[in-house]
Amino acid sequence: MLSQTLNRASRSTRARRAVESFPVTRKVVDRFVPGETTADAVEASAALIATGRSVTIDVLGEDVLDIGGARATRDAYRALLVALAEAGCADGADVSLKLSALGQALPDGTTIATDHAAEICDAAAGLGCTVTLDMEDHTTVDSTLAIGAELRASYPWIGNVLQTNLRRTPGDIAALDGTGARIRLVKGAYREPATVALLRKDDVDRAYEAAIDALMTSDCYPMIATHDPAMLDRAIEKAVAAGRGDDRWEAQMLYGVRPDLEQRMVDGGHRMRVYLPFGTDWYGYFMRRLAERPANVAFFLRALAHR
């Protein structure tokens, strides 16, 4: 119930004004969002890379409804890639794109978002970076996977995200087997109807386990995005069973959520990538982080209690 309430609040203008009005909010947000500027993102990236982690960087923003905003997002990513290169942090880095921020919802949005994503891919390709297309709510899945397939013809390293709370995901994994695609596996952070999504945590967990198993035996490159130690242990076990070396899959975690678990993976010799978001449009991202993990809510409430 709490998760559903917070997911609704992530799209509420009234709730956004209330949360942003708390003086302590910015301090709490800093735990999950290292800053608002490109320089902040590059500084945080350099610090993570120095510890043996790699990064995927998200310029925060979604649901852009004008072409100017979509172009601004494209330009922000291109500027980020240049800044990463200048700091010596580009090689091996990844950027995560929300297609709704690149114009996906506009008239002729598929073409607009594909063109903008391709321009970002062009910039990334020359710097040794990769690109991953984030997944949003269930209404965008077909479009996002189709754009990923189109871009993959020119950029074989383009990644897609699959959400195991969606009932369709086993079929999507089967369809992607044979493409060699980079696939980030998440449980899903959007409020979805029962007709298309699993709503019980236990069911989503079982679906995640099955998806790990399927990806490890596919020819895809699995990116296991979880903060659950049991799921990571399963991924390690299934990778070994499939004869998949540590260079053929990776773990991913959100910035600021489980640095201790990140370190455990690094110490174990596994690839560890941190999802690092930045920007002024942090509200929706922040609320979904609260919805995903009760401990995050407790952290926020404790901060409010001591303001």
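How many disulfides does the count come to? The count comes to zero disulfides, a disulfide being a pair of cysteine sulfur atoms within 2.5 Å. This is a predicted model, in which local features need pLDDT of at least 70 and side-chain atom pairs count only at pLDDT 80 or more, while totals for chains, interfaces and linings use all residues. Residues are numbered from 1 along each chain as its sequence is written, and side-chain values use heavy atoms, with hydrogens and water left out.

**Cysteines**

- A disulfide is a covalent bond between the sulfur atoms of two cysteines.
- For Cys89, the closest cysteine sulfur is in Cys129, at 9.8 Å, which is too far for a bond.
- Cys89 has 6% relative accessibility and therefore counts as buried (buried means under 20% relative accessible area, exposed over 50%, and partly exposed in between, with a 1.4 Å probe and protein chains only).
- Cys129 is likewise buried, at 4% relative accessibility.

- Strand 6 (residues 221–225) and strand 7 (residues 250–254) run parallel and are joined by three bridges; two strands pair if DSSP finds at least two bridges between them.
- Within strand 7, Gln252 is the residue opposite Ala225.
- Strand 3 runs parallel to strand 4, and two bridges join them; Thr132 has Gly159 in strand 4 as its bridge partner.
- Five of the five residues of strand 4 are buried.
- In a regular strand the side chains alternate between the two faces of the sheet.
- In strand 4, Gly159, Val161 and Gln163 point one way, Asn160 and Leu162 point the other way, and all are buried.

**Helix 6**

- Helix 6 (residues 109–125) has 17 residues, which at 1.5 Å a residue should span 24 Å, and its end C-alpha atoms are 24 Å apart, in agreement; the expected span is 1.5 Å times one less than the number of residues.
- Its buried residues are Gly109, Ile112, Ala113, Thr114, His116, Ala117, Ala118, Ile120, Cys121 and Ala124.
- These buried residues pack against helix 5 (67–86), strand 2 (94–97), strand 3 (130–133) and helix 7 (141–152).

**Binding-site annotation**

- An unreviewed UniProt entry places the feature "binding site" at Met135, Gln163, Lys187, Gly188, Ala189, Lys201, Thr226 and His227; UniProt positions are given in the numbering used here, feature names are shortened, and annotations may be inferred rather than shown by experiment.
- Ala189 sits in the loop between strand 5 (182–186) and helix 9 (201–216), and is buried with a relative accessible area of 14%.
- Lys201 lies in helix 9 and is exposed, with a relative accessible area of 56%.

**Glu262**

- Glu262 belongs to helix 11 (residues 259–267) and is buried, with a relative accessible area of 3%.
- Leaving aside neighbours within four places in sequence, Glu262 is in contact with Leu48, Arg53, Met253, Leu254, Met272 and Val274 (contact means heavy atoms within 4.5 Å).

Terms used: Helices (H or I, at least four residues) and strands (E, at least two) are DSSP runs, numbered from the N terminus.
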